[in-house]
Amino acid sequence: MNKTEEYQNEILKKIKNKERLNIAITYVMVIAIYAIVQGLVTTGNISNLLKGILVPTCVYVIAAISLNLVVGFSGELSLGHAGFMCIGAFTSGFFSKAVGDGLPDGFRFFLAIVIGALFAGIVGMLIGIPVLRLKGDYLAIVTLAFGEIIKNLLNVVYMGLDSRGIHFSTKSSMDLGLESGGKKIIEGALGISKIPKNSTFTIGVILVLVTLFIVQNLIHSRAGRAIMSTRDNRIAAESIGIPVTRFKLMAFTVSAALAGMAGALYAHNIGKLNTSKFDYNMSILVLVFVVLGGIGNIRGSILAAIILTALPEMLRGLSDYRMLIYAVLLIAMMLFNWAPAALAFRERVREKLPFGRKKKEVE
Amino acid sequence: MNFSTFMSFVSYLKDGISLGAVYAIIALGYTMVYGIAKMLNFAHGDVIMVGAYISLTMMTKTGAPPVVALLVAIVGCTLLGVTIEFVAYRPLRKASSPLAVLITAIGVSYLLQNLALKIFGAGPESIRDEQKIISGSPVVLFNGQLAISRITILIVICIIIIMCALTWFVNRTRRGHAMLAVSEDRDAAQLMGVNVNGTISLTFAIGSALAAVAGVLLFSAYPSLTPYTGSMPGIKAFVAAVFGGIGSIPGAMIGGILLGIIENLAKAYIPSGSQVSDAIVFAVLIFVLLIRPAGLFGKNIQEKV
Amino acid sequence: MAVLDINHLSISFGGLHAVDDFNVSIEKGCLYGLIGPNGAGKTTVFNLLTGVYKPTEGIIRLNGADITGKSTIEINKAGVARTFQNIRLFKGLTVLDNVKAGFHNHYQYSVLSGIFLLPRKRQMENSMNERSMEILKVFDLEREAGLLAGNLPYGKQRKLEIARAMATEPKLLLLDEPAAGMNPNETAELMETIRFVRDHFDLTILLIEHDMKLVSGICEELTVLNFGRVLAQGKTAAVLSDPEVITAYLGA
């Protein structure tokens, strides 16, 4: 091996190690948080209220990571993420309830999650094909529109199951014409009830790790490079032969599928499901996690989702004022994190500190 | 089609225009702010709600007549809009991502909703007939086959006046020209001596004043007010603005009215229409955007290589 | 045989003939210059060649194959790569990843191999890394391989753009004002690099440039465009001494 090659290999090794470390830190962070929270739970040092939001926090973390794939890495603003969560929740819930005791619990839940992700991914792809031609705010409003459409249409879906098969109606559960032994599964605006409550905090964290595995490995691969180059400069990406639309669609589809997985986790947590939960406010909430945590910053998404989900519960003592404080904190955090004046101020303060960090060159 | 089914169609159409005209007033505010400040002001819908609460409070607490209450609401919302812009949006105008100000706007929206919740309670508040901006029996046409309420007539007159006034303002006055310049190219406008900050403040003032008008009209036409009342009309107006081509004044008006008509006709004529009318509105929007990616009246700008 | 053969190429935007009856034939291995005053239509020619615009008229042939009206992506796959007048790097990616993005169609592996870290991913990534470092070495950018492209100084950004284009293994390389914004030292160095790249990678290069020292220094043949039309064409020395060119372009 000659000198040049040695030198090149050294540089490559450094870059690779940095990348590996970056990926590993994220896993370690999630596992550490899990260990701490589990510790608190087993020692009984955690309030019931907080215990109740453990699984939802996992749901939001998955949703935030997956939305970050679209917003941060593909560079498109999507306001319809809740729609995909909704699809995942309903299809998985339908499956679990339809199968009932026909399969062992764990296996049924596993299949339900796969089904939720699969359907959400398919719908994501079908929506993405026409929609990803649009840009910027137009794309945002159309994704919002699709999210609302999904919710609205599910509101008039009635489905049931009996020995003759699956019945479907858009009017009422009476119109399903079920046999006497048949069961109603989806009841329009009432949604689905009595879904088996299979979700646990541990399963939630496992799904978070699965999401991380998929998203991080995707980003650090050929496809991820194509996705990010399209984000940074579409015209240049085309000029080097990258099929831009295909990779945008891929990011969108994977993101939708992961959101579907989050939805499945959600559905099997409380056991009751209706569409009103999955309105645009939910989409926006997830977007808030992504932006507040730093666009394209996965660890940031995770932390923002955890903090902002826990915050309203922590503020519960302040009763009526909690949402007010939440809103003020949100605005303050945005100004602090994004306003150029605030950033310059932080930079000055950092320089004055004796152990101030130097600006990082590579993230 | 016989005469009475035709008249019922006309009646639905009329209700659609009435609702759509309110959307149009809100959409005008959205579209001006978007065109000039280049941001989606998600809190715009909540300013409507604030406007309605101010006018209601004026009437119940001070016994002011509806017109005075409306004027106070306009002043209040104008101040509110300018303050929001100054405190929450202006510091982020040069932020590295346009999403920053979008999320902040969402924060402002939460803030307004929860302030209203704290002050006025969860509601819903209603309104007495004499507190409406206009009251009295409806105008009856075709031997009672078609009744047009006075508020509908007022709303339509309002949108026409507002439309004419805005068009005149933008095209014929110095400040209007400054707005056009800022919307075209902010930096170039700045170099040419246009007061960009002042122009954007003015835009927010106008948009918020319109929101106050829309709030009072909406509350008079649909008398049920909660802290979340502004949210859905806000979203719909946003859709209307995009529909018409965001940034375009006639686009916002036509988009708003079409949206109102589609929504009302869908409710009337489609099975389970009241549940899926929103879905239909959104589906039409998507359809229009796929054919005309910049909306009905929007300019399609291509990136220069 | 000519690598690039353009016949009667024309495009008009709303009645304005941005490029009008443009003809050129560039031999393999040639370093060809396209010059002319601002607004003469030079970049438009590049945009036509790379499929950003579709010509109103005319035929473009690459090694004899018709590429007229094909998409940017197809044209790149056929062997045309370019740089841009206003630098268009992937600023959020590292220097190394910018070049690796250029190898997109040459070292392929599926998304699933990427996600599940299958052996093929490692093989391909390793090959890409090696090749990318080779190219970066040519442009003296090895040391910066781990930096974000957006953090590079201006001159190096221009070089990185060429490096990225090289990674697509083109037959024809289009450079749009490669020396813009460079100081004389950097320009001289760039001239060396361009020559080296042409010889080393067996390339044909068409470049747009305003820096006359660079043009007369490295271009073997020239076309002068003015108002979308060809004003003069031929060997560099002959073209640059053409009185018409001197009056129209150099503004004697």
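1. In this predicted model, strand S1 (residues 158-162) of chain A is joined to S2(A) by 5 bridges, and the two strands run in the antiparallel sense.

2. The pairing belongs to an open sheet of 3 strands in chain A, ordered S2-S1-S3, with antiparallel pairing. Strand S2 (165-169) and strand S3 (183-187) of chain A are the edge strands, each of which pairs on one side only. From one strand to the next, the twist averages 20°.

3. The sheet also carries a helix. Helix H4 (residues 81-99) of chain A packs on the sheet, where it touches S1 and S3 of chain A. The direction of H4 makes about 170° with that of S3(A).

4. Helix H3 (residues 54-73) and helix H12 (residues 298-314) of chain A pack at an angle of about 145°, and their axes lie 9 Å apart. The crossing of H3(A) and H12(A) is right-handed.

5. Which residues in H3(A) meet H12(A)? From H3(A) these are A:Pro56, A:Thr57, A:Tyr60, A:Val61, A:Ala64, A:Ile65 and A:Asn68. Their counterparts in H12(A) are A:Ile298, A:Ser301, A:Ile302, A:Ala304, A:Ala305, A:Ile306, A:Thr309 and A:Ala310. By class, this contact of H3(A) with H12(A) holds 11 nonpolar and 4 polar residues, and no charged residues.

6. Turning to the contact between chains, chain A contributes 30 residues and chain C contributes 39 residues. On the side of chain A that touches chain C, at least two residues each are supplied by helix H1 (3-42), helix H7 (201-219), helix H8 (222-232) and helix H9 (234-239) of chain A. By class, that side of chain A has 15 nonpolar, 8 polar and 7 charged residues.

7. On confidence, the model as a whole scores ipTM 0.92 and pTM 0.88. The average pLDDT of chain C is 91, and 98% of its residues score at least 70. Within chain C, confidence is lowest in helix H10 (residues 243-250), where the mean is 76. Confidence in chain C is highest in helix H3 (residues 95-102) of that chain, at 96.

Definitions and conventions
Residues are numbered from 1 along each chain as its sequence is written. Chains are lettered from A and ligands numbered from 1 in the order in which they are written. This is a predicted model: local features need pLDDT of at least 70, side-chain atom pairs count only at pLDDT 80 or more; totals for chains, interfaces and linings use all residues. pLDDT is the predictor's confidence in each residue, from 0 to 100. Helices (H or I, at least four residues) and strands (E, at least two) are DSSP runs, numbered from the N terminus. Two residues are in contact if their C-beta atoms, placed from the backbone, lie within 7 Å. Ala, Val, Leu, Ile, Met, Phe, Trp, Tyr, Cys and Pro count as nonpolar, Asp, Glu, Lys and Arg as charged, and the others, Gly among them, as polar. Axes are lines fitted to C-alpha atoms, for helices over the stretch in contact, and angles run from 0 to 180 degrees between N-to-C directions. A crossing is left-handed if the near helix is turned anticlockwise from the far one by less than a right angle, and right-handed if clockwise. Two strands pair if DSSP finds at least two bridges between them.
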